Amino acid sequence: MNSHKVNQIEKLGVVDDIKWEKLRKSKGFKLSKVKRLIKRVILYAVLIVAVLITIIPLWSGIMSAFKTQADLSLTSPIAPPLIPTLEPFIYAWLELQRPLINSVLFTTIATVISCLLGSVCGFVLTKLKFKGSKTLFMLFTIGIFLPYQSILVPLFITIRNLGIYDTMWAMILVHSVYGIPMTTLLFRSYYDSIPESLINAAKTDGAGVMAIYRRLIIPLSPLPFVVAGVFQFTSIWNDYLFALILTGANFEPASFALSNMAGGTETAWNNTMAGTFLYSLPVLLIFVLLGKYLMQGLMAGAIKG
Amino acid sequence: MEQVRNDIDIIEDFKFEEKRKISKEIRKNIFSRDKLIIRLIFITCCILLAYFIYYFIVWNIFVSMTDWVGLIQTYDFVGLENYFRMVNDPIFWISLTNNLVFMLVFIPSSIIIGLFLAILLDQKIRKEGVFRTIYLLPYALSFIVTAYLWQWMFIEDGVINFILDMFGLGFLKMSWISDPNIALFSVSFALVWQFSGYIMLIFLAAIRTIPKSHIMAAQIDGASGFKLYTRVIIPQIKTSTFTAFVILMIFSLKAFDFIWILTDEGGPGWATAILPITIFKVAFNSNYFAYSSAMATTLLLIIMVIIIPYLYITYRKR
Amino acid sequence: MTNVKIRNLVKKYGDIYALNKIDLDIKDGELFILLGPSGCGKSTTLYSIAGLIKPQEGEIWFDEKLITSAEKKYSESPQDRNIAMVFQDYAIYPHMTVFKNIAFPLQILNKHREEIKKIVIDAAKSLGIEDLLERKPKQLSGGQRQRVALARAIVREPNVFLMDEPLSNLDAKLRVFARAELKRLHKRLGITIIYVTHDQIEALSMGTTIAILNKGKIEQVGKPSEIYNFPKNLFVAGFIGSPPMNMLDGSLKKDNGNIYLDCGFTEYKLPNELHKINNEKHKEIVLGIRPEDVFISREIVNNSVRAIIDIIESMGREFEIHIDVGGKILISVLRKIENFSIGDEIYLTFNDKKLHLFDKKTGENIFASNFND
């Protein structure tokens, strides 16, 4: 570690020999090996305790999902099952099968729509700047922070009047529209970093707006598409509020169906946990496959909820 | 160059459209397919947002000034009556207080734990990536999922009470979410669990963007360990702290699904009913649409008071 | 084959004039240089010609075709102007190979595949980058990128070739080479090139015509030799030439049929032709003299000024001598300096055939005694 530091310091050229000697003799470097070791042990201990606290609810939930009702009352909640069973999963799958397919459908469609729209809006707001584009962007951004409770009643009435209450179209429409502010923000911040001269070059090379978008902007933006896509997919998939008021028995999204299944009079915890696990599976899958891009998305100031 | 950039106006083209006397050449220029499609999509988005956000807000404010009850739309205009009713309604004040208490517990805890984890992870930890992923895991899960997990943790014969027993701390056992006195704190704890990994990530990213030379200069000047953080690093991540604060603040004002499920619609009683929960219950359980709209408008107002200065500060810099 | 005509071009940003009534006539086949300090409006002019900027007033014509008219609210979009532009950062599309970069303008025109291939390879050969066609921009050096940008510009066979400081990102050695190459390219294609730069050496060595801009206005338009030898005003005189022209403030004095410049510390006798200048009208005068026209000697000669050598800088091929004349420093550039050294007392003379007199108030050149050119 020391030599690493030396290298870096030399590279930066910020230190001369005398100062370096001072640094070497300073407190941080003088710690004896034992002290250093104790420090590291405590450090790792704290980190591992934090890991345990993070993991326990998940661990316990997964274990319970593999237990029979009898097993659940016999074993401790954090112990593995005596006889692992898939019964809860089968039960949950039968209950959630249809809603899960529903959710996959509208989530995918709404994700694609809101990403495409966000990409166009981001492009227009950065590369075709016009008077008022900053204000317009601000008005878009406010949409991210909108508490949906404050528009639920008008939304509810509108969806009913459109005759799409309790259908897939309601979910696609609502999620596509309310996804636009977030996707626009993500695409805009990415397109901001594309140099203006590239756009100008394309213009003088004879490309029109559409050609610039299709041949230059789209090929340059696989990353924001992944980031916005993952972000939209997870937040639409996880939505509960819209599902609660805009759907009923006809078109149940998975989130709504899960709460119906779990919210019976006598909670069967093994089934509930198996249900939550099934419900989380698509998002976890995407997270595993595209996780590193999502990190960048989260970094971009993304907000959940 | 900056000026050049600002100058490429499409609005000027829109202005053309308004001019009646335009030559054929110009007409061809504007309605050429290639510009039209992009603009049509953009304008459609603007219209959709204008309708689904801004028109709905206005509509909602209008509803809040009527006496609309039930599913049939018949109502009279009653002015601010619902707002007067609201300020005299103990449920509203309980919800607002719940919101406040929740914020006061949830926001500082998340920031402190997140920052703490970020600093720990910044100590050249082996397998840092693994730790980071694990800490971030809860944030990746849906609120519905974590709500059920924590219900399982919090119930009388749930995981927490079991673990307390296991360590001989049985006297600490509590009815975590069915005791109205502590339910709100249990809810906050669970949400801190879910959010601190994300906050950690924000801070970690910020710490990593501090130029290495700054840290080295500080080390040469004799700052090390704790001092290095309090004097050099933490002051440099002010912006991220601010961002984290706003994110948490907005969430704590909007939070719905997690609490709705965890404490069964804000129970016991109104113990964990924060404003969004109360609004929803008043509207869709009791069908007092007008009255709930009044509360919703109030919530919107509170959020805008926070968000508009934030956006102003963030984007004015650019 | 295009003449470019600019009339009364005005561009304002807020209250600041980026362009203030610019008129330019750029003839077919010229390598026309827009030269000036940063913020002078040269890039704004170029971007207006490209159609990337819309001016508030004025017109731009390509031959007989009006392409921009603020008054008629008409601006042909850049893609329809058949121009090509090379940008300072080259603006190479990062996701495309060199081949695709060069082919891009042709693909936009929906040309046939085989035809595109032929044109691209020809262009690449002419710039010596045919081996790089499959590379991505990341794998190219600065010089190679610049060639790719040039190749992309020439495949369109544009009416006008626009260049925005295309050499400023190259290192000094490469720049000299690239200058010559651009000149060759211009000669071969015979196309109109409008070239923006802040580097006077580039301007003087490459341009067939130079327009000097300052604060949104044109100071002078002319051939490089005209600009150098007959600067129209103090700005041009001071901007062109390195080291810059020496300037002496003073007033004119007529006496005995002779005319003198009174600088306070000395009176310098000016050539007799200057007699016709009205010394009542032009009270305060600036005398400009280029460093190569300042001579020094050890002995008093006719009409010389006593001075002291302040610094001698060896530039290798020549010497720059800073001379202290009554507290004012003048620079002389000499091939040989014999054995002068710092602190020596010497006598200055000016080449009377290369004097420039400017009115201090207006900055206008009122007399230029250039008899050689």
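Q: How much area do chain C and chain A bury between them, and what share of it lies on carbon and sulfur atoms?
A: In this predicted model, chain C and chain A bury about 1,700 Å² between them, 65% of it on carbon and sulfur atoms. Buried area is the accessible area (1.4 Å probe) that two parts lose on being put together, summed over both. Within chain C, C:Gln79, C:His95 and C:Ile108 lose the most area to chain A, together 29% of what that side buries.

Q: What makes a residue part of the contact, and how many residues come from chain C and from chain A?
A: Contact means heavy atoms within 4.5 Å. On that definition, 21 residues from chain C and 17 residues from chain A take part.

Q: Why are H11(B) and H12(B) called roughly antiparallel to each other?
A: Helix H11 (residues 212–220) and helix H12 (residues 225–236) of chain B pack at an angle of about 160 degrees, with their axes 11 Å apart. Angles run from 0 to 180 degrees between N-to-C directions, and axes are lines fitted to C-alpha atoms, for helices over the stretch in contact. An angle over 145 degrees counts as roughly antiparallel, and H11(B) and H12(B) are therefore roughly antiparallel to each other. The helices themselves are DSSP runs (H or I, at least four residues), numbered from the N terminus.

Q: Which residues make the contact of H11(B) with H12(B)?
A: H11(B) contributes B:His214, B:Ile215, B:Ala218 and B:Gln219, while H12(B) contributes B:Leu228, B:Val232, B:Ile233 and B:Gln236. By class, this contact has five nonpolar, three polar and no charged residues. Ala, Val, Leu, Ile, Met, Phe, Trp, Tyr, Cys and Pro count as nonpolar, Asp, Glu, Lys and Arg as charged, and the others, Gly among them, as polar.

Q: What is the extent of the contact between domain 1 and domain 2 of chain C?
A: Chain C is divided into domain 1 (4–238) and domain 2 (244–372), with bounds from an automatic or database domain assignment. The contact takes 10 residues from domain 1 of chain C and 14 residues from domain 2 of chain C. The area buried between these two domains is about 980 Å², of which carbon and sulfur atoms give 54%. In domain 1 of chain C, C:Tyr228, C:Leu234 and C:Ala237 lose the most area to domain 2, together 48% of what that side buries.

Q: How are residues, chains and atoms treated in this predicted model?
A: Residues are numbered from 1 along each chain as its sequence is written, and chains are lettered from A and ligands numbered from 1 in the order in which they are written. Local features need pLDDT of at least 70, side-chain atom pairs count only at pLDDT 80 or more, and totals for chains, interfaces and linings use all residues, while side-chain values use heavy atoms, with hydrogens and water left out.

Conventions: Helix = DSSP H or I, 4+ residues; strand = E, 2+ residues; numbered from the N terminus. Parallel < 35°, antiparallel > 145°, perpendicular 65-115°, else oblique.
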